[in-house]
Amino acid sequence: MTSTPDSDIDAKLGWVQRILQWATRESLSAYVVEGVLPASSTVPWLQKALLERLRLGLGVTGPEQADLLVVVGDISHKFAPVVQDIWARMSAPSWVLHLGVLPTTSSSPVSYALVDSLHEVVPVTVRIEGLPPSKDALERGLQALRVRMREAS
Amino acid sequence: MKSVLDALPDVIMPDAVREADAASIPLVRPDDHDLVRPLAEEELPSATRRGSLMGADTAPLSRHLVWTFGPSHRALPFPLQLRVELSGERVLTVDPEIGWSHQGLERMLEFGTVDEGFGLLARLHPTTPLVPQLLWAHLWETILDVVDEVPARVCWLRVAGLELSRVVAHLDVLRALAEVYADRLAQQIFTDAHKACARALWTLQGEANFCAVGGMRDALDDSALTALEDELQAALVGVGQMHEQQLRNVAFVDGLGGRGVISIRNLLDHGVTGPALRASGVRDDVRRRHPIFAYDALEPALVTQQDSDALSRATQRLQELSDASRMVLQACHEARRADPSLGTLLDVDDKPLPPGRCAVSLEAPNGEMAFFVDVDANGKLRRTRLRTPSFALAQCLPHFLADAHLDDVVPILLGLGMVGTAIDC
Amino acid sequence: MTDVPDAPAPDERDTAADAVSDVDGVADGPKATQNPHHLVELLRQRRRHLRLLDTGVDSWGETLCVAADDLLHVLAFLQADPDADLEVLVDVVCIDHHEDSDEAKASDVDDDENRFEVVYLLRSVRLPYQLSVRVFTSSEHPQVPSVTSLYPSADWLERELYELFGVYADGHPHLRGLLLYPDFVSHPMRRDYPRGKAQPMVPLRTPQHLPVVVTDLPVDDTGDAAQDAS
């Protein structure tokens with residue numbers, strides 16, 4: 001019997017909502033870049049609509065007004081200079097949150113087209129692994145991000 | 001002779017048969033300069049050319065504004081670069097550039113096993129992973145010649161999953177269109193229906209129910225299937241009412257009617273299939289051509305439209321959506337009646353694969369998706385090729401967007417329903 | 001790309017719809033036969049001078065192997081002939097038959113005559129026929145004639161072919177890369193391209209401050225504190 005109880009689904013899929021709420025509470029404006037979503041059986045297609053709303057603006061019309069750059073998924077090498085350009089347009093202080101990456105293990109296939117580690121392209125502040133990230137991991141990641149933001153300012 | 005070509009007026013078709021018999025075309029090798037910079041850039045004003053202005057030849061400046069739209073833009077659903085040549089507010093030409101979401105999936109599939117392939121194919125269509133995963137399972141079942149041994153219940157549930165994915169995909173496109181035209185009622189209805197149907201699909205597909213060759217991992221029992229049917233029916237009540245209202249919605253009809261008109265010749269030339277082709281009147285459906293799973297028992301209705309503009313494509317998706325939901329309900333009903341056997345799951349990676357090649361296709365929400373696999377004599381997977389319908393749609397973009405108004409570029413693009421990761425695969 | 005698609009005028013559009021309403025994806029009528037070798041026999045009857053190196057039937061439909069010089073003749077005939085009517089080019093697939101085993105490397109055989117095999121998957125909309133046409137090309141001069149004059153969908157497909165495998169399509173209007181960036185060297189789908197080789201487009205920065213990495217995996221307390229403290 002595979003039907004998951006509703007509360008479990010909401011917990012699994014509420015991560016985008018959680019980030020939205022957190023960013024609003026922190027009075028942050030965020031610019032979201034959606035890369036290639038990695039392979040996972042629990043795919044956040046329910047959150048696609050929410051991701052689009054994120055993309056259309058969490059108080060931003062462009063990266064110039066954003067404090068936080070949220071990168072979801074993997075980035076291809078061709079897209080890396082675009083992400084760098086977006087990050088360069090963000091005025092200081094700025095932070096980068098990298099979401100939804102699977103932990104790199106030795107058995108995971110390596111691709112010639114994807115950037116292995118986003119931290120070599122833009123300075124990532126917090127990287128949360130797992131897609132969707134578990135509630136606990138998301139909480140710890142956002143807490144760490146808040147700590148880093150307080151340190152910087 | 002009746003053929004689609006006869007229907008098109010004023011089309012001068014070259015007699016390729018006669019011309020091919022003539023002396024062959026002289027072989028011209030492209031030079032390095034052509035390979036580095038695309039042709040469109042040579043017509044850009046020299047100020048925007050990359051590099052310095054020193055030594056730039058005094059080529060005539062382009063009379064029209066060339067505007068680069070993308071690759072990362074708030075209005076675009078995925079990274080895509082469009083170099084749009086404008087005359088005032090009218091689009092003259094569009095030069096799309098893709099590759100920003102290229103992941104090298106085909107190479108990754110070569111190095112992985114068949115089971116890892118299921119996980120990798122979820123990257124192809126993150127919103128509807130079931131479509132490529134089912135085709136992958138069908139591909140290996142065809143290679144191993146066990147297609148007839150897949151039990152009926154599994155076939156019916158696969159059809160249910162595929163059609164439910166189609167419902168979800170069409171609802172996504174219609175929701176995006178309603179959002180563009182600020183139709184709050186339609187947007188609300190489509191968003192709620194999309195969420196509910198996606199939730200139902202989640203219940204059906206579970207963690208990795210369909211990611212198996214020869215059967216399913218864990219099928220729902222009858223009560224869960226009944227609950228799924230009820231959920232689906234409740235979700236689509238509003239959409240049924242929407243179906244009638246949509247055509248009377250002035251904003252929608254004025255906004256999409258007559259925009260993005262394309263000829264059948266252009267669609268066929270670029271290999272476009274699916275709702276975009278059927279909206280132009282061509283009766284072509286892979287589900288009827290090559291019925292796999294349980295499609296031969298379940299006749300999909302062949303719906304077509306008359307015009308081939310963006311409004312007819314949206315109407316086509318709406319009608320296909322209601323037909324697909326009808327098929328999901330029927331498939332669940334048949335699955336409950338069928339023998340509750342889940343089939344024997346085959347571990348394809350256990351032994352060397354049988355050498356040979358295989359190509360299968362199915363009707364994805366956007367058109368025909370085809371997988372091609374070549375296994376060499378040693379039993380090693382040599383080549384996997386994924387042909388997605390979004391690639392053909394992206395290649396045909398200049399024809400969809402030719403002579404369009406600038407405000408219509410995004411709605412036409414959204415109405416095509418392309419998946420970014422599938423274009424660049 | 002400057003041609004505007006001909007939108008049919010209202011009266012012509014009706015005739016277009018009438019004409020295509022008789023066109024059915026599912027075959028019926030005397031023109032479609034159940035003969036599984038229909039297309040090959042058609043070629044043998046009506047184009048005797050074309051040499052077919054190999055014929056057969058597989059999961060896609062009929063399959064045909066021709067020399068690269070005859071490719072355009074075969075495709076032009078099959079596209080124009082009303083009993084075949086293969087008007088949609090579904091895909092162009094390239095298979096690299098290079099052996100990367102140790103024996104092949106030891107023998108140092110580099111100039112393979114039939115290293116690249118290019119398969120063209122075709123189908124008809126009106127009739128229920130599907131065909132795959134294969135051509136072989138060598139490792140030294142990997143080129144095939146371009147079919148863009150017959151099938152415009154080959155434009156991007158051959159660009160992808162060139163970019164990922166290095167097989168030139170002679171006669172292509174403008175062969176350039178499609179998915180990768182101009183600084184990318186060599187062809188990544190070839191068998192002898194190393195697996196993990198990346199060619200980053202931007203110079204990778206050496207990280208000064210490492211990011212906080214939060215994983216889902218169960219870690220012990222010391223590991224947890226070490227992660228969150230960095």
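Analyst: An open sheet of 5 strands in chain C runs in the order β1-β2-β5-β4-β3, and its pairing is mixed. Strands here are DSSP runs of E of at least two residues, helices are runs of H or I of at least four, and both are numbered from the N terminus. Two strands count as paired if DSSP finds at least two bridges between them. The model is predicted: local features need pLDDT of at least 70, side-chain atom pairs count only at pLDDT 80 or more, and totals for chains, interfaces and linings use all residues. Residues are numbered from 1 along each chain as its sequence is written, while chains are lettered from A and ligands numbered from 1 in the order in which they are written.

The edges of the chain C sheet are β1 and β3 (88–96), each with a single partner strand, so one side of each has no neighbour in the sheet. Neighbouring strands are turned by 20° against each other on average, direction ignored; axes are lines fitted to C-alpha atoms, for helices over the stretch in contact, and angles run from 0 to 180 degrees between N-to-C directions.

At one end of the strand order, β1 (residues 54–57) and β2 (residues 62–65) of chain C pair in the antiparallel sense over 4 bridges. Thr55(C) has Leu64(C) in β2(C) as its bridge partner. These two strands form a hairpin with 4 residues between them, and Gly61(C) in the turn has a positive phi of about 145°. β2(C) also pairs with β5 (residues 130–137) of chain C, in the parallel sense and over 4 bridges. In that pairing Thr63(C) stands opposite Ser132(C) of β5(C). Helix α5 (residues 154–165) of chain C packs on the sheet and touches β3 and β4 (116–123) of chain C; the direction of α5 makes about 10° with that of β3(C). Contact means that the C-beta atoms of two residues, placed from the backbone, lie within 7 Å.

Chain B has 20 helices and 6 strands. Three of its strands form an open sheet in the order β4-β5-β6, with antiparallel pairing. Here β4 (356–364) and β6 (381–387) of chain B are the edge strands, each with a single partner, so one side of each is left without a neighbour in the sheet. β5 (residues 367–375) of chain B and β6(B) pair in the antiparallel sense over 6 bridges, with Ala370(B) opposite Arg387(B) in β6(B). Helix α7 (residues 130–143) of chain B packs on the sheet, touching β4 and β5 of chain B, and its direction makes about 145° with that of β4(B).

α7(B) also packs against helix α6 (residues 114–121) of chain B, at an angle of about 155° and with the axes 9 Å apart. The two helices are therefore roughly antiparallel, a term for angles over 145 degrees, whereas under 35 counts as roughly parallel, 65 to 115 as roughly perpendicular and the rest as oblique. The contact involves Val114(B), Gly117(B), Phe118(B) and Leu121(B) of α6(B), and Pro132(B), Gln133(B), Trp136(B) and Trp140(B) of α7(B). By class, these residues are 6 nonpolar, 2 polar and no charged; Ala, Val, Leu, Ile, Met, Phe, Trp, Tyr, Cys and Pro count as nonpolar, Asp, Glu, Lys and Arg as charged, and the others, Gly among them, as polar.
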